[in-house]
Amino acid sequence: MYVWIWRRLPGGVPGKLLGCLVLLAGVLALLFFLLFPWAERRLPFNDVSINGNTTSTSSPAPTPSG
Amino acid sequence: MTSTTAPATAVATRQPGDGWRMAVRGLGQLLITCGVVILLFVAYELWFTGFYTQQQQDKIDHQLQQQWTGNGPDVSLLTPDKVKLGSGIAVLYIPRFGRHYHFVVVEGTDYEDLQKGPGHYPGTALPGQVGNFAVAGHRTTYLHPFNKIATLRNHDVIVLETKTMWFTYTIENIPNTDIPWREIVVPTQVQVAYPVPDQPDPNAKPSMKLLTFTSCHPEYSASHRYVIHAMLTEALHKAPGVFPAALTHPVGH
């Protein structure tokens, strides 16, 4: 897979290296800004609050749920 | 991770088994890639999420300061339903976590709220009020405001700054009740954040001014919740030169 990509990148070795960097940056951006935030919500380890029938405790008004 | 083993260039004629070799190599690279992506995800969770939180904290802090110097409301005089979700309500100081530790507590414990900082359970008491000022915070991600929650000790203090007041809460076994200063509960045990914590009635009439923190437990897991209870022990009106003793004498190590 990586060999295949390397063969297809244009511009000799410098061009190929540049191409690799651009591809890498693109993939990282995709992961960090789209895939990871999406995956994170589906995984449990960021749950820090307590929630049975959540926080509708006593107080004056019903809590808005956002 | 470019060409690994195969003699890449000089293969002119196809040899038996080339297909297999390519498939195995492709699979290997795929697996290595998956491993790297998973490691990157860990890095994202532990560090990268903090950048977002820091940026949001700066923003909310700025808004809060503006509100304090302007004619914004004094949060401890509001009823809990009047606070806008996602807005900053008070600045939190915990001397045990270091001299420079401070976070703006935001209203709400939804996912988006907790990405911005420690979140106040909507509907629970506000700082300084009778009832239970309950706050949830991340322990390992999003700048992990409660990362060191397990280092808090009985009689440590927690300070909250509002527009006009300094509130000092002291972690302790709440007098004349069964409420311990620290407990580890299952995530569904909402009673810890009730106005009168740790009893079955969510509408029990509170008489004390309490504070409750929740975070995940054990660290990096979400199977339980680490809970801290504290009681209001000092309320100072803000004035030049007036600071809670707890902030001028940091706890020693």
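Mentor: Before we start, a residue is called buried if 20 or more other C-beta atoms lie within 10 Å of its own. The model is predicted, and for chain B the mean pLDDT is 91, with 93% of residues at 70 or more. For the complex, the predictor gives an ipTM of 0.77 and a pTM of 0.85.

Trainee: Which residues of helix 1 of chain B are buried?

Mentor: They are B:Tyr44, B:Glu45, B:Thr49, B:Thr53, B:Gln56, B:Gln57, B:Ile60 and B:Leu64. An α-helix has 3.6 residues a turn, so residues three or four places apart point the same way.

Trainee: What covers these buried residues of helix 1 of chain B?

Mentor: The cover includes helix 2 (12-41) of chain A, and from chain B strand 1 (88-93), strand 2 (102-107) and helix 2 (111-116).

Trainee: How do you know that the span of helix 1 of chain B agrees with its number of residues?

Mentor: Helix 1 runs over residues 18-69 of chain B, which is 52 residues, and at 1.5 Å a residue these should span 76 Å. The end C-alpha atoms are 74 Å apart, so the two values agree. The helix still bends, by about 45° at B:Tyr44, a residue that is also on the buried list.

Trainee: How does the span of helix 2 of chain A compare with what its residues should give?

Mentor: Its 30 residues should span 44 Å, and the end C-alpha atoms are 42 Å apart, which agrees. This helix has a kink of about 40° at A:Leu35, shortly before the proline A:Pro37.

Trainee: What makes helix 2 of chain A count as hardly covered?

Mentor: The count of buried residues among its 30 residues is 0. Chain A has 2 helices and 0 strands, and 11% of its 66 residues count as buried. For chain B, 39% of 253 residues count as buried.

Trainee: How many helices and strands does chain B have, and in what pattern?

Mentor: Chain B has 3 helices and 9 strands, in the order α-β-β-α-β-β-β-β-β-β-β-α.

Trainee: Why is chain B called more spread out than a compact globule?

Mentor: The globule rule gives 18 Å for 253 residues, whereas the radius of gyration is 25 Å, well over that value, so chain B is more spread out. Its C-alpha atoms fill a box of roughly 85 × 40 × 40 Å along the principal axes.

Trainee: Which residues touch the most other members of the largest nonpolar core?

Mentor: That core has 53 residues, and the ones touching the most other members are B:Leu92, B:Val105, B:Ile158 and B:Val159. Among the elements of chain B that give two or more residues to this core are helix 1, strand 1, strand 5 (157-161) and strand 9 (224-237). Leaving aside neighbours within four places in sequence, B:Leu92 is in contact with B:His102, B:Phe103, B:Val105, B:Pro118 and B:Leu160.

Trainee: Why is B:Pro118 called buried?

Mentor: The cut-off is 20 C-beta neighbours within 10 Å, and B:Pro118 has 26, so B:Pro118 counts as buried. This proline sits in the loop between helix 2 and strand 3 (119-120) of chain B. Not counting residues up to four places away in sequence, B:Pro118 touches residues including B:Leu92, B:Val135, B:Pro145 and B:Phe146.

Notes:
Residues numbered from 1 in each chain as written. Chains lettered and ligands numbered in written order. Predicted model: local features only at pLDDT ≥ 70, side-chain atom pairs only at ≥ 80, totals over all residues. pLDDT = per-residue confidence, 0-100. Helix = DSSP H or I, 4+ residues; strand = E, 2+ residues; numbered from the N terminus. Expected span 1.5 Å × (residues − 1). Bend = angle between axes of the 7 residues up to and from the residue. Buried ≥ 20, exposed ≤ 12 C-beta atoms within 10 Å, placed from the backbone. Contact = placed C-beta atoms within 7 Å. Rg over C-alpha atoms; globule rule 2.2 N^0.38 Å. Core = buried A, V, L, I, M, F, W, Y, C linked by C-beta atoms within 7 Å.
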